[in-house]
Amino acid sequence: MAELLESQVSAPSSSLISTTLLVYALFGVALASSGFPLIAPLMGLIGIIALIFAYVKRGDAQGTWLASHYRWLIRTFWFSFLWGFIGGVLFLTLIGIPVAFVIWIATTIWVIYRLIRGFVLFKESRPIPGM
């Protein structure tokens, strides 16, 4: 069955591979250079530019092993946004400040994990399992 699935997946172009690497790099830079790394790890201008690249190129990746990487990266951005927002709402209630910091720290660790795991699989030319 796995051989059948692999035969249906086409090889991505070298420019698509380069673009995927660029998106991973931009997300990494966004995480490292964010003014509020714990609150919004990917919400800076660089992270938004990376998200735009991911949305523009995800259609080109359909049918290749890179399709899962684009879905992974886009979901990483939006879930980090969601949890950053939830932390912000809790922070504004003043009572939830400690919980907000726990959410922000957990979100940042989760983003770091997803970027590293995705990049390692990308370098091995493997899709993200379950995507």
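**Helices α2 and α3**

I looked up how α2 and α3 cross in this predicted model, and the crossing is left-handed. The partners are α2, residues 14–33, and α3, residues 45–61. I noted an angle of about 160° between them, with the axes 9 Å apart. Since angles over 145 degrees count that way, I put α2 and α3 down as roughly antiparallel to each other.

Next I listed who makes the contact. From α2 I found Leu16, Thr19, Leu22, Val23, Leu26, Phe27, Val29, Ala30 and Ser33. From α3 come Ile46, Gly47, Ile49, Ala50, Leu51, Phe53, Ala54, Lys57, Asp60 and Ala61. Sorted by class, I have 14 nonpolar, three polar and two charged residues in this contact.

**Thr20**

I stayed on α2 for Thr20, which is placed in that helix. Is Thr20 buried or exposed? I read 0% relative accessibility, so Thr20 counts as buried. Leaving out residues up to four places away in sequence, Thr20 touches Leu66, His69, Tyr70 and Phe122.

**Positive phi values**

Phi of Leu94 is near 65°, a positive value in a residue other than glycine. I have Leu94 at 62% relative accessibility, so Leu94 counts as exposed.

My last stop was Ser125, in the segment after α5. Ser125 is not a glycine either, yet I found a positive phi of about 55° there.

Notes
Residues are numbered from 1 along each chain as its sequence is written. This is a predicted model: local features need pLDDT of at least 70, side-chain atom pairs count only at pLDDT 80 or more; totals for chains, interfaces and linings use all residues. Side-chain values use heavy atoms; hydrogens and water are left out. Helices (H or I, at least four residues) and strands (E, at least two) are DSSP runs, numbered from the N terminus. Buried means under 20% relative accessible area, exposed over 50%, partly exposed in between (1.4 Å probe, protein chains only). Contact means heavy atoms within 4.5 Å. Axes are lines fitted to C-alpha atoms, for helices over the stretch in contact, and angles run from 0 to 180 degrees between N-to-C directions. Angles under 35 degrees count as roughly parallel, over 145 as roughly antiparallel, 65 to 115 as roughly perpendicular and the rest as oblique. A crossing is left-handed if the near helix is turned anticlockwise from the far one by less than a right angle, and right-handed if clockwise. Ala, Val, Leu, Ile, Met, Phe, Trp, Tyr, Cys and Pro count as nonpolar, Asp, Glu, Lys and Arg as charged, and the others, Gly among them, as polar.
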